[in-house]
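Colleague: I have a structure open and would like to go through it. Can you put it up and start with the terms?

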Amino acid sequence: LFIRSRGEKFRECGVDTPKANHTTLGGMLPHNMKTELICYKVPTVIQCASGSDESKIVTLKKLLCSGRPVPLFVGRGVGHWIALWGFDDEGFFAYDVAKNIKRDDYGLTKYLNMELLSLWRNRWFWRIIYEPYLYLRIDL
């Protein structure tokens, strides 16, 4: 996806710089994340998981079984995203750049099911604007 410079790609999409998609505090809101992915010709749909905790877990597993990562809006701080890339019986494997502080694993981590649901629920101030449990469905 990152064959050419990000700046060149974004100018083609009508955005001056990749930073234009970030909030003033550095995070990225759902519609901005969708725009960024579309600039790289990755079609996405903003969706909201609903139902019981178990049904949310099942939804994520079905999406991952389609062979695509699942970006989750976790709202940690200023609009944080993690990307799920696998799962096992206990939880989900994710790339979370916030977990890379003073570590050399590049943010690769595992969240237990209930831990992930708690993180994904978002903080109260994001729930004023967005429904909890937002994710991007990638339609390639």
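Modeller: Helices (H or I, at least four residues) and strands (E, at least two) are DSSP runs, numbered from the N terminus. The expected span of a helix is 1.5 Å times one less than its number of residues.

Colleague: And where does the model come from?

Modeller: This is a predicted model, where local features need pLDDT of at least 70 and side-chain atom pairs count only at pLDDT 80 or more, while totals for chains, interfaces and linings use all residues. Residues are numbered from 1 along each chain as its sequence is written, and side-chain values use heavy atoms, with hydrogens and water left out.

Colleague: How many helices and strands does the protein have?

Modeller: There are 5 helices and 6 strands. Along the sequence, their pattern is α-α-β-α-β-β-β-β-α-α-β.

Colleague: Where is confidence lowest, and where is it highest?

Modeller: The score is pLDDT, the predictor's confidence in each residue, from 0 to 100. Helix α1 (residues 6-12) is lowest, with a mean of 49, and α3 is highest, at 96. Over residues 21-25 the pLDDT is below 50.

Colleague: What should I do with the low parts?

Modeller: Where pLDDT is low, the predicted coordinates should not be read in detail.

Colleague: Let's take α3, then. What does it span?

Modeller: Helix α3 covers residues 53-65, which is 13 residues. From first C-alpha to last it reaches 19 Å, close to the 18 Å expected.

Colleague: Which residues of α3 are buried?

Modeller: Lys 56, Ile 57, Leu 60, Leu 63 and Leu 64. Buried means under 20% relative accessible area, exposed over 50%, and partly exposed in between, with a 1.4 Å probe and protein chains only.

Colleague: What do the buried ones pack against?

Modeller: The buried residues of α3 pack against β2 (70-73), β3 (81-87), β4 (91-95), α4 (113-120) and β6 (134-138). Contact means heavy atoms within 4.5 Å.

Colleague: Is β2 covered on one face or both?

Modeller: Both: Val 70 and Leu 72 are buried on one side, Pro 71 and Phe 73 on the other.

Colleague: And how do β2 and β3 pair?

Modeller: β2 and β3 are antiparallel, over 4 bridges; two strands pair if DSSP finds at least two bridges between them. Phe 73 has Trp 81 in β3 as its bridge partner.
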